[in-house]
Amino acid sequence: MAKCGECGPGYATPLDAMKGPREEIVYLPCIYRNTGIQKPDYLATVDVNPKSPHYCKVIHRLPMPNLKDELHHSGWNACSSCFGDATKSRNRLILPSLISSRIYVVDVGTDPRAPRIHKIVEPVELFWKGNVAHPHTSHCLGNGDILISCLGDPSGNGKGGFVLLDGETFEVKGNWEKGGKCPPFGYDFWYQPRHNVLMSSEWGTPKVLAHGFNPVDVEKGHYGHHINVWDWSSHTLIQAIDLGKGSIPLEIRFLHNPDAAEGFVGCSLGGTVHRFYKTEKGDWAAEKVIEVPRKKVQGWLLPDMPGLITDILISLDDRFLYFSNWLHGDIRQYDISNTRQPKLVGQVFLGGSIVKGGPVTVVEDKELKCQPEPFVIKGKRVQGGPQMIQLSLDGKRLYVSTSLYSGWDKQFYPDLVKEGSVMLQIDVDTERGGLKANTNFLVDFGKEPDGPVLAHEIRYPGGDSTSDIWI
C-alpha cells in the first residue's frame with residue numbers, strides 16, 4: 001500500500017496514487033443561494049466508508065460566516081506537485097466563492113473529520129491587488145504558491161485573469177499573468193511545466209450568467225469559445241484556440257502523465273469533447289473527438305436540447321475519460337487508449353430533463369429508442385442530472401453530485417432546488433468498461449437540518465484525479 005505524506009504531500013507518480021488508500025470521507029461545498037433559505041453556504045464532510053455506522057451520512061458541517069457566497073470548486077494548499085518537499089503538507093482546503101469573490105482557507109489537517117476556518121481572504125484583496133473577481137479553480141504550485149483562475153473583473157465583466165496566494169500566509173500576492181494581455185473570459189485551467197504551458201478555458205460574463213442562462217447572450221458574445229494557451233515560464237498569453245461560437249469550453253484536463261503533451265476539454269453547450277495537443281511546430285491545436293447529438297424536443301427552452309457536458313475527468317492511468325451530460329441525464333465512460341479515437345464503453349442515466357413522464361417530449365433522437373425512466377434510488381426520485389464527478393484513486397468508484405450552479409439549477413431544474421441535490425456512487429468496470437449505479441449508496445442533501453441544499457464538487461482529503469498535478 002502506497003503511503004501518502006511520507007515525502008511531502010501526494011504521490012510520486014499518478015500510478016503510485018492509484019495504489020493509495022480507499023477514500024473514507026469526502027468534502028462537498030453546499031450552497032443555499034437561490035434556494036430561498038437564508039442560511040450561509042457550508043462545507044459538508046460525508047462518510048463514504050461502507051464499514052462505518054455513519055456510511056452515506058453528513059458527519060460535519062462548517063458554515064461560512066456570510067450569506068450568498070456561492071461556494072463552488074475547491075483546491076489544495078499543496079498536492080502532488082509538491083511531492084518530495086517534506087516541509088509541505090496537504091492540510092488546507094482552498095474554497096473560492098463564485099459570487100461574493102471571497103476565498104475561504106479551511107483547516108482540514110487538525111481534524112479531517114471536523115474542518116475549521118483558518119483564514120478568510122476578503123473580496124477587496126482580489127479587487128485591489130489583482131483587479132479580478134469571481135474566483136473559480138484553485139491549483140497549488142510546486143513552489144508552494146496557490147494559483148486561482150477568475151471569471152471576471154470587480155464590475156462583473158468577463159476577464160480571464162489569475163491571482164496568486166502565498167502558500168504560507170494565504171495573502172494575495174497579485175496577478176500571475178504578465179504582459180497585460182488577458183482573455184475575455186476565464187474558468188478552469190491545468191498546467192504542464194515539462195511543456196512550458198498552462199491551458200485555460202472560458203465560461204462567460206459573470207454579471208450575465210449570474211441569474212440564469214439566456215441563449216440570446218451567446219449570440220451577443222457573452223460566452224466563451226476558446227482554449228487559451230499560456231507560456232508557463234513567462235506567464236504570458238501566447239495563443240487562443242477557437243473551438244467554435246457557442247461551444248463554451250468548461251473543464252480542461254491534461255493527461256496525468258507529466259510528459260504528455262495532450263489533454264481534453266468538455267464544451268458544455270457544444271456537447272463536444274475536444275482533444276488538444278502540441279504540434280510538430282511547437283504550438284497547440286485542437287480537434288473534436290466526441291460529439292453528443294442534440295435531441296429535438298418539445299416543452300423545453302429550445303427546440304434542440306444539448307447534452308450540456310459540464311464536468312470531465314481522466315483516470316489516473318490515463319486510460320478512461322468520463323463526463324456528465326447534465327441536461328440529457330447520463331454519464332459516459334470512454335476508453336482513450338487511442339486519444340484521437342475515444343471509444344464509448346460505459347453509460348448510465350441518473351435523471352435529467354428527458355425522462356419519461358416529464359414536461360419534455362423527445363421528437364427526434366439519434367441515440368436512444370425511447371426516453372429513459374426516472375432514476376429512483378432508495379425510494380427517492382433523483383431531481384436534476386449528473387453534474388460534478390470524482391473518481392476513486394483506483395478508478396473503481398465514480399462519485400456524482402447533481403447541482404451545477406444555483407442560478408442555473410433554479411432555471412432548469414426547479415424541483416432540484418426545492419428538494420435538494422444528491423450524491424450517488426457508480427461502480428466502474430475498469431477491465432472492459434461499464435458503469436452501474438450502486439443502489440446502496442445515496443446521500444440526500446434534501447434532508448439537511450436547515451433545509452434542502454445544493455451540494456457541488458467532491459474532494460478527498462488525500463487528493464484526487466482533478467486536483468493533483470504531477471510536474
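This briefing covers cysteines, salt bridges and aromatic contacts in one structure. The model is predicted: local features need pLDDT of at least 70, side-chain atom pairs count only at pLDDT 80 or more, and totals for chains, interfaces and linings use all residues. Residues are numbered from 1 along each chain as its sequence is written, and side-chain values use heavy atoms, with hydrogens and water left out. The search gives 36 salt bridges, 24 aromatic pairs and 0 disulfides.

**Cysteines**

- A disulfide is a pair of cysteine sulfur atoms within 2.5 Å. The whole structure holds 0 of them.
- Cys 182 is in no disulfide, and its nearest cysteine sulfur, on Cys 150, is 9.6 Å away.
- Buried means under 20% relative accessible area, exposed means over 50%, and partly exposed lies in between (1.4 Å probe, protein chains only).
- Cys 182 has 26% relative accessibility, so it counts as partly exposed. Cys 267 is buried at 0%.

**Salt bridges**

- Side chains of opposite charge can pair when their charged atoms come close.
- A salt bridge here is a side-chain nitrogen of Lys or Arg within 4 Å of a carboxyl oxygen of Asp or Glu. The count is 36.
- Helices (H or I, at least four residues) and strands (E, at least two) are DSSP runs, numbered from the N terminus.
- Glu 448 pairs with Arg 61, with the closest N and O atoms 2.6 Å apart. This pair links distant parts of the chain, 387 residues apart: Glu 448 is in the loop between strands S33 (443-444) and S34 (454-455), and Arg 61 is in strand S3 (residues 57-63).
- Glu 448 is buried at 8% relative accessibility. Arg 61 is partly exposed at 33%.
- Arg 340 pairs with Glu 287, with the closest N and O atoms 2.8 Å apart. Arg 340 lies in the loop between strands S24 (330-335) and S25 (343-349) and Glu 287 in strand S19 (residues 284-291), so the bridge ties together parts 53 residues apart in sequence.
- Arg 340 is exposed at 52%, whereas Glu 287 is buried at 16%.
- Lys 380 pairs with Glu 419, with the closest N and O atoms 3.8 Å apart. Lys 380 is in strand S28 (residues 380-381) and Glu 419 in helix H6 (residues 414-419), 39 residues apart.
- Lys 380 is buried at 14%. Glu 419 is partly exposed at 33%.
- Shared partners join Lys 295, Asp 330, Arg 332, Asp 365 and Glu 367 into one salt-bridge network.

**Aromatic contacts**

- Rings of Phe, Tyr and Trp (its six-membered ring) pair if their centres lie within 6.5 Å; planes under 30 degrees apart count as stacked, over 60 as edge-to-face and the rest as tilted. There are 24 such pairs.
- Tyr 32 and Tyr 42 have ring centres 6.1 Å apart and planes at 50°, so they are tilted. Tyr 32 is buried at 2%, and Tyr 42 is buried at 5%.
- Tyr 187 and Trp 203 are edge-to-face, at 5.6 Å centre to centre and 80° between the planes. Tyr 187 is buried at 5%; Trp 203 is buried at 3%.
- Ring pairs link a cluster whose members include Tyr 187, Trp 203, Phe 213, Tyr 223 and Trp 300.
- A charge sits over a ring if NZ of Lys or CZ of Arg is within 6 Å of the ring centre and within 35 degrees of the ring normal. The charged end of Arg 90 sits over the ring of Trp 76, 5.6 Å from its centre.
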